[in-house]
Amino acid sequence: QVRLVESGGGLVQPGGSLRLSCAASGFTFRNYAMSWYRQAPGKERELVARITRPGSTIYADSVKGRFTISRDNAKNTVYLQMNSLKSEDTAVYYCAQLAFNYWGQGTQVTVSS
């Protein structure tokens, strides 16, 4: 059974940092690209960052220079380090493995003073 379990969300002030984690199980993690998406209230889900099997990364323009995606294949975990957070980063963040359309349940990130 495939599972993607996100953690690390919460409430943070503007300018603060959070690190999201996504623990994967049920498939050979190291063989697949992994992605982080987010969905803000009233908006469509959007790609935040993706890391390929060899470790290449892509980012949405809105988070370049502030967010970093990484993976630890030994722990079957993908991370999203989020720095210099802004109110517009407020959303539910989802981990995804798109090859088989696997999605986590999401973790809420709220950036507010």
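The side chains of Glu-46 and Arg-38 meet in a salt bridge, with N and O 2.7 Å apart; the term stands for a side-chain nitrogen of Lys or Arg within 4 Å of a carboxyl oxygen of Asp or Glu. This is a predicted model, in which local features need pLDDT of at least 70 and side-chain atom pairs count only at pLDDT 80 or more, while totals for chains, interfaces and linings use all residues. Residues are numbered from 1 along each chain as its sequence is written, and side-chain values use heavy atoms, with hydrogens and water left out.

Glu-46 counts as partly exposed because its relative accessibility is 34%, whereas Arg-38, at 5%, counts as buried (buried means under 20% relative accessible area, exposed over 50%, and partly exposed in between, with a 1.4 Å probe and protein chains only). A further salt bridge joins Arg-66 to Asp-89, whose closest N and O atoms are 2.7 Å apart. This pair links distant parts of the chain, since Arg-66 lies in the loop between strand E6 (57-59) and E7, and Asp-89 in the loop between E8 and E9, 23 residues apart; strands, labelled E, are DSSP runs of at least two residues, numbered from the N terminus. Arg-66 is buried at 10% relative accessibility, and Asp-89 is buried at 0%. Through shared partners, salt bridges join Arg-38, Glu-46, Arg-66 and Asp-89 into one network.

Turning to the strands, four of them form an open antiparallel sheet in the order E1-E3-E8-E7, where two strands pair if DSSP finds at least two bridges between them. Strand E1 (3-7) and E7 stand at the edges with a single partner strand each, so one side of each is left without a neighbour in the sheet. Within the sheet, E3 and E8 pair in the antiparallel sense over six bridges, and Leu-20 stands opposite Leu-80 in E8.

Leaving aside neighbours within four places in sequence, Val-78 is in contact (heavy atoms within 4.5 Å) with residues including Leu-20, Ser-21 and Trp-36. Ser-21 is found in strand E3 and, at 16% relative accessibility, counts as buried.

Key: Helices (H or I, at least four residues) and strands (E, at least two) are DSSP runs, numbered from the N terminus.
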